[in-house]
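Open the model in your viewer and switch to a cartoon view. Keep the selection panel at hand.

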Amino acid sequence: MSKYEGIIGVVGNCASGKTTLVKGLNELGYRAVNIAQEHSTAQKLWQRKNPDFLVCLSCTLETAKKRREIYWTQQRLDDQWERLAHARANCHLFLATDEMTKSEVLRAVVEVVNENTN
């Protein structure tokens, strides 16, 4: 099986695991970029990176608070999901990371991405 050669874009709400996933993918030799769509009111910002494969990660507010010290409320998370709506509707893989370890997220993404190579 050959490794996926395209650009993998990663979007998601804060603390969903974007940075960790992109780092892991890059360490494995994939070309991955973190797209901070959740902070932009431009619904199609993610398209500017021109990813060949788009991954959308999510986590709940409860999980986000376990992962890092945050003081924002559910309203801010809802606002982020509104900003991510276009990316989520157009992603190749949506993954809720609440119950997954970092390595499980990485493994799941690599598996699905590589399925698109063959």
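Predicted model: local features only at pLDDT ≥ 70, side-chain atom pairs only at ≥ 80, totals over all residues.

Start with the strands. There are 4 of them in an open sheet, in the order β2-β1-β3-β4, and the pairing is parallel. Select β2 (31–34) and β4 to see the edge strands, each of which pairs on one side only. Looking across the sheet, the twist averages 25° from one strand to the next.

**The β3 and β4 pair.** Now select these two strands, which run parallel and are joined by 4 bridges. Show Ser58 and find Ala96 of β4 standing opposite.

**Helices on the sheet.** Next, select α1, which lies across β1, β2 and β3 and runs at about 165° to β2. Then select α5, which packs on the sheet and touches β1, β3 and β4. The direction of α5 makes about 165° with that of β4.

**Along α5.** Select residues 102–115: this is α5, with 14 residues. From first C-alpha to last, α5 reaches 20 Å, close to the 20 Å expected at 1.5 Å a residue.

**Around α5.** Which residues of α5 are buried? Show the side chains of Val105, Val109, Val110, Val113 and Asn114. These residues lie on the same side of α5 because they cover an arc of only 150° around the axis. Finally, turn to the face of α5 directed away from its buried side and select Arg107 and Glu115, which are exposed.

Key
Residues numbered from 1 in each chain as written. Heavy atoms only, no water. Expected span 1.5 Å × (residues − 1). Buried < 20%, exposed > 50% of the residue type's maximum accessible area, 1.4 Å probe, protein only. Arc of directions from axis to C-beta. Pairing = 2+ DSSP bridges. Axes fitted to C-alpha atoms, helices over the stretch in contact; angles between N-to-C directions. Contact = heavy atoms within 4.5 Å.
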